[in-house]
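Dear colleague,

Please find below the structure that I am handing over to you.

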Amino acid sequence: MDPSQRPANTFRTSPSPQPRPKVGHSSAQRLQKGGRWQQARHFIRERPLLERIYWFSIKAFLWLFFGSLGYVVVLKYVPVWVTPLVVSRWIDTIGTDESSHVYKKWRSYDEISKEAALAVVASEDQAFPIHWGFDFDEIQDAIKENKTRERPRGASTISQQVAKNVFLWNGRSYIRKGLEVYFTAVIELIWGKKRILEVYLNVAETGPMTFGVEAASERFYGHSAATLSRNEAARIAAVLPNPRQFSIKNPSSYIQRRTRQITRQMRYLGGQKYIRNL
C-alpha cells in the first residue's frame with residue numbers, strides 16, 4: 001500500500017520502555033556510604049595539614065598496635081622486672097618518711113609452691129583455668145550487687161589484673177578499660193594460662209613496697225616461696241585485695257578468717273590437681 005493512502009487513524013507503535021531495576025535499600029545505603037567516604041577523602045586531600053594529621057594518626061596507630069604485640073611476645077619469655085605499679089609506688093614515697101626500697105624477686109613458675117598458685121586462684125578467680133580472660137557470670141553478679149552495695153566490688157579476673165599491672169597506669173577511665181580488655185585478650189592468646197599465672201605470682205602487690213610471692217615469703221615468713229605451706233599461701237592471697245592495709249606478718253582477725261575460707265576453697269577445688277593442666 002502506498003504510504004499516502006494509509007488511513008489517518010493508523011500509527012506506528014514504539015516499543016514500551018523497559019523498567020529500570022530497583023536498587024535495594026541495602027544497596028542504596030552502600031552507595032550513599034561510598035559517596036560519603038569519597039567526599040571525606042576529597043575533603044582531606046584538599047587540606048594538606050589535615051591530610052598530614054590523618055596519615056600521622058594512621059601510622060601512629062599501626063606502630064602502637066604492632067609495638068604492643070611485639071612487647072607482649074617479648075614478655076612471654078623474659079621476666080617482668082618493672083611494672084607501672086612498681087614505679088607508681090616508688091614515686092609515692094618521694095618526700096615521705098616511707099622507705100623507697102622495693103622488695104621484688106622474680107621466680108619461675110616451677111620455683112614457686114603450687115600452694116601459692118592454687119591459693120590465688122581459689123581467692124581471686126576460680127574460673128581461671130576455663131575462661132578466656134573474662135568471667136562474664138561474675139561480671140553480671142557484680143553489676144547486680146553493686147546496685148545496692150556502698151562499696152562496689154570488682155569482677156576482674158587474674159588475666160585482667162595482670163594486663164592492668166604490667167601494661168597500664170593506675171586510674172579509672174574508658175580508655176584505660178578499653179586497653180585492659182585489649183591486653184587481656186592478647187595475653188590470653190599469646191601467653192597462655194601458665195605464663196599469666198606465673199607473671200601474676202611475681203608482680204602482684206603483696207605488702208608495702210613488696211611485689212610477688214617470693215618477696216613476700218622471704219620478707220614475712222623468712223623462707224623461699226618454694227616451701228610455702230597451704231596456710232601461708234592462703235594468707236598471702238587473703239591480703240591481695242588491699243595489701244597496703246592488710247598485713248601478712250601481723251594478720252587481723254579478718255585476715256585470719258579470710259585465710260581459713262581460702263584454705264577451705266582450696267580443698268573444695270581438689271587441691272593442686274585443679275591447676276595441674278594449665
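Leaving aside its neighbours within four places in sequence, with which residues is Leu197 in contact? Please note first that this is a predicted model. In it, Leu197 touches Tyr109, Ala117, Val120, Val121, Phe128, Ile158 and Leu278, with neighbours within four places in sequence set aside.

Leu197 also belongs to the largest nonpolar core, which has 51 residues. Along with Leu197, the residues with the most contacts inside this core are Val120, Ile158, Val162, Phe167 and Trp191. At least two core residues come from each of α2 (48–75), α4 (114–124), α6 (158–167), α7 (174–190), α8 (193–203), α9 (213–221), α10 (230–239) and α11 (253–268). Helix α4 provides the largest share, namely seven residues.

The surface also carries a nonpolar patch, formed by Trp37, Tyr54, Trp55, Ile58, Phe61, Leu62, Phe65 and Phe66. Together these residues have about 830 Å² of accessible area. Helix α2 gives the most to the patch, with seven residues. Trp55 lies in this helix, and its relative accessible area of 44% makes it partly exposed.

Finally, there is an open sheet of three strands, in the order β1-β3-β2 and with mixed pairing. Its edge strands, β1 (103–104) and β2 (205–207), each pair on one side only. Between β2 and β3 (residues 210–211) the pairing is antiparallel, over two bridges, and Glu205 stands opposite Phe211 in β3.

With kind regards

Technical notes. Residues numbered from 1 in each chain as written. Predicted model: local features only at pLDDT ≥ 70, side-chain atom pairs only at ≥ 80, totals over all residues. Heavy atoms only, no water. Core = buried A, V, L, I, M, F, W, Y, C linked by side-chain atoms within 4.5 Å. Buried < 20%, exposed > 50% of the residue type's maximum accessible area, 1.4 Å probe, protein only. Helix = DSSP H or I, 4+ residues; strand = E, 2+ residues; numbered from the N terminus. Contact = heavy atoms within 4.5 Å. Pairing = 2+ DSSP bridges. Patch = residues over 30% accessible without salt bridge, like charges linked within 9 Å, V, L, I, M, F, W, Y side chains within 5 Å. Areas by Shrake-Rupley, 256 points an atom, 1.4 Å probe, with all protein chains shown as cover. Salt bridge = Lys/Arg side-chain N within 4 Å of Asp/Glu carboxyl O.
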